[in-house]
Structures are given as structure tokens and as C-alpha cells.
Amino acid sequence: PSSAYILGLGFHVPEKVLTNRDLERMVETSDEWITSRTGIRERHIAEVGTSSSDLALAAARKALDAAGILPSELTHIICPTLTPDSYTPSTACILEHKLGLNGAMAMDISAACSGFLYGLETARAILALHPDAVVLVTAAEVLTSRTNWADRSTCVLFGDGAGAAVLASKPRGDKSATVMDVLLRSDGALGDFLTIKGGGSARPYALGESVCEDFFIQMQGRDVFKHAVRSMESVSREVLERNGFGVEQVDVCISHQANLRIIEHVGKKLAIPEEKIFVNLDRYGNTSAASIPIALAEALQTGFIKAGDLVLLATFGGGFTWGSALLRF
Ligand code: ACO
């Protein structure tokens, strides 16, 4: 029997939209190239000065509303993010303060695009230890703060946004979703394929040094692509198998929204029909850790996910990290 339930979901993206046409004026690219290679048509981007915790706050409020939970009921706040407000304080502590709270356990998780599933598993562990806990997992990214706008191979891919889930060990009302299982993996040997190295302890900046390329997201796209397809396929099979489900029992599949071709490849390899696969990266781009909870919240809001559905989540990101989860709505 599961001891973790999602009581409510919410997401938020900044208002400003950057289209492929806008990008044509910034770098040597075309709407045709971006659409055909990635499936992305536009993405939302934060104004300079808007931080991950600002987006997290808006998403968290919506998730709390959907759950019917007051902020003061939260005991644990977890923020998976690749683009924290700062090294310290953590985005989770800043979010806690912005919610008008203090005294919760609050921490960030660094697992790149897989962050939300790492957050879900952490929430499950907390709820197993503390059955009365109410856990907020809010993945938030201002990836554009680490986007090199002169690098066409990466700047067309990313968008900003946040997605949140409120979890408890008992369901509330008939809208709670059961977290049936989460399966997480990583392999540091592949870390160099996707990095933001600059400013870390292995690559400290000296006072007065100007920011250089390693401050930004750097990626070897083809290698990431190859591993993403392989890993998401195998971890999805594994989570289904160990829970005794066949692929045909999956009602909705949500993969990390990085590239439509990756999503389609994973779907084909698993033999999941297209109409069961949720896609919203055409409008949001790759929002890293926020991608899965944004997709989950939107899929529920738009009726793509229905009561009783078995939902398979699959994710992949820097580290490398990857994982899968099974939810029952
Ligand atoms: N516009 C036009 N041409 C471009 C652009 C662009 N925006 N970007 C690259 N090109 C060119 C390249 O220079 C190259 O030209 P060349 O053949 O003359 O050298 C050509 O297009 C092909 O480049 P590739 O990189 O081989 O293109 P590919 O088909 O692999 O697509 C892409 C690139 C979209 C990045 C793809 O590899 C991909 O999506 N990879 C996975 C990314 C991902 O999933 N990341 C997930 C994790 S993200 C995270 O954790 C934050």
C-alpha cells in the first residue's frame, strides 16, 4: 500500500513569450530547423530579475489551492532546480519565506531535469518517516539565466517555468493521486555531456574575471539524445515490470519535455500509442526540472488525465540522472 498521495498540482510560466521567429533575429537559425529538430515553437521567458523562487511561489500557491491546503500546514519544502536563486540561501528557504512561513524542513535538490522525480522520491521517504507531514515539491527554473544567447545549439531549447505538487500520506477528497512507485538512476561518468561548470568549486571565478562560456549550459546534443532515449525506455520498462503492469495498461505517458523526437522515440520503443502521450514542449520548450510537473498539472487541468488513469512518468537530465514513476489518478 502506498504511503504518498499527490493532493494538488499547479504550474506557472512567465508571461513573456519568445517565438522561433524571435530567435531567427538573434542567432543563425530558422523556425523550420527548430520545429523539425525539436518540436518547440515558443517558450516563456522570465524578465531579468525574476528568480526561480518567484516562479516557484506562483506554482506553489496554485498547487496549495488545488489541494485545499494552507501554507501553514506545510512541514517540508523541497525545490528541485538547476537554476537556484543563489548558492545559499537555498531556493527552498527563500520560497518558504515568500510563503510567509518558517520552521519547515527546506532544501533544494540538484538533479537537473530529473529533479522533480528525485523530489517525489524524497517526499515519499519523508512521508514514510513522518506520516503527519505535508510536503511541497516545487521544481522551478529560470534557465534563461544560464542560457548563452550566442550559442544556437542550446539557446533555442530552453524555457522558464515552475510546477508544484503537495503530498501527504493520506488522500484528501477524490482528486488525490497515488504515487505508486518511483525509480531513480544516475551515472556520473556521463556528466560532461551536459554541464554548467563555471563558478563551482572545481572551476571557481576570480574577482574581476569576466563571465565566460562555462557559466552557461553546455551540451553535446547528440550524445544526450542517444542516452535519453535508451535510459527512459529501460527505466520505464523496469518500473512497469516491478509493479506487475504491462505497457498496454498505461493510460497516459509523460516524458521529460526536451525534444519531440526523443518523446516519440521512447513512445515507439515502448509501443505506447501516440494518443496516450502528452506533449506541451511546443509551447514551453525544455524547462528542465519543471518540465514534468508543468506537464502533469496541465494534463490534469485539460482533462488529458482522467480519474482512474495509470500515468507513467519518465525523465532524463544532466548528471546524467534519469528515472520513472507510476501514478494512479
Ligand atoms: N539552428 C540551425 N542550425 C543549427 C542549430 C540551430 N538552432 N543548432 C545546431 N545547428 C546545426 C549544427 O551546427 C549542425 O550543423 P553542421 O551539420 O553544419 O555541423 C546541424 O545543425 C546538426 O546539429 P546536431 O547537433 O547534430 O543536430 P541534432 O539533430 O542532434 O539536434 C538537438 C540538436 C536538438 C540539440 C538534439 O541533439 C537534442 O535535442 N538533444 C537532446 C537535448 C536534450 O534532450 N536535453 C535533455 C536534457 S536537458 C537538461 O538536463 C537541462
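I'm calling a residue buried if 20 or more other C-beta atoms lie within 10 Å of its own. The model I have open is a predicted one.

**Entry: Asn286.** I counted around Asn286 and got 24 other C-beta atoms within 10 Å, so Asn286 is buried. It sits in the loop between helix H9 (281-284) and helix H10 (291-301). I skipped its neighbours within four places in sequence and listed the contacts of Asn286: Leu157, Phe158, Gly159, Gln257, Ala258, Leu281 and Ser291.

**Entry: the annotated site.** I looked up UniProt, where the unreviewed entry puts the feature "active site" at Cys113, His256 and Asn286. These residues span 174 residues in sequence, but no two of their C-alpha atoms are more than 8.8 Å apart, so they gather at one spot.

**Entry: His256.** Buried or exposed, I wondered about His256? It has 30 other C-beta atoms within 10 Å, so His256 is buried. I found His256 in the loop between strand S11 (252-255) and helix H8 (260-270). Leaving out residues up to four places away in sequence, His256 touches Cys113, Ser291, Ile292, Ala314, Thr315, Phe316 and Gly317.

**Entry: the ligand.** I got 23 residues around the ligand, with Thr29, Gly221, Ala258, Asn259 and Gly317 the closest. By class, I sorted that shell into 11 nonpolar, nine polar and three charged residues. Helices H2 (31-38), H6 (152-155) and H7 (221-242) each supply at least two shell residues, and H7 gives the most, with five. Where does the ligand lie relative to domain 1 and domain 2? Domain 1 (5-174) and domain 2 (178-328) both give residues to the shell, so the ligand lies between them.

Methods: Residues are numbered from 1 along each chain as its sequence is written. This is a predicted model: local features need pLDDT of at least 70, side-chain atom pairs count only at pLDDT 80 or more; totals for chains, interfaces and linings use all residues. A residue is near a molecule or strand if its C-beta atom, placed from the backbone, lies within 6 Å of it. Helices (H or I, at least four residues) and strands (E, at least two) are DSSP runs, numbered from the N terminus. Ala, Val, Leu, Ile, Met, Phe, Trp, Tyr, Cys and Pro count as nonpolar, Asp, Glu, Lys and Arg as charged, and the others, Gly among them, as polar. Domain bounds come from an automatic or database domain assignment. UniProt positions are given in the numbering used here, feature names are shortened, and annotations may be inferred rather than shown by experiment. A residue is buried if 20 or more other C-beta atoms lie within 10 Å of its own, exposed if 12 or fewer, and partly exposed in between; C-beta atoms are placed from the backbone. Two residues are in contact if their C-beta atoms, placed from the backbone, lie within 7 Å.
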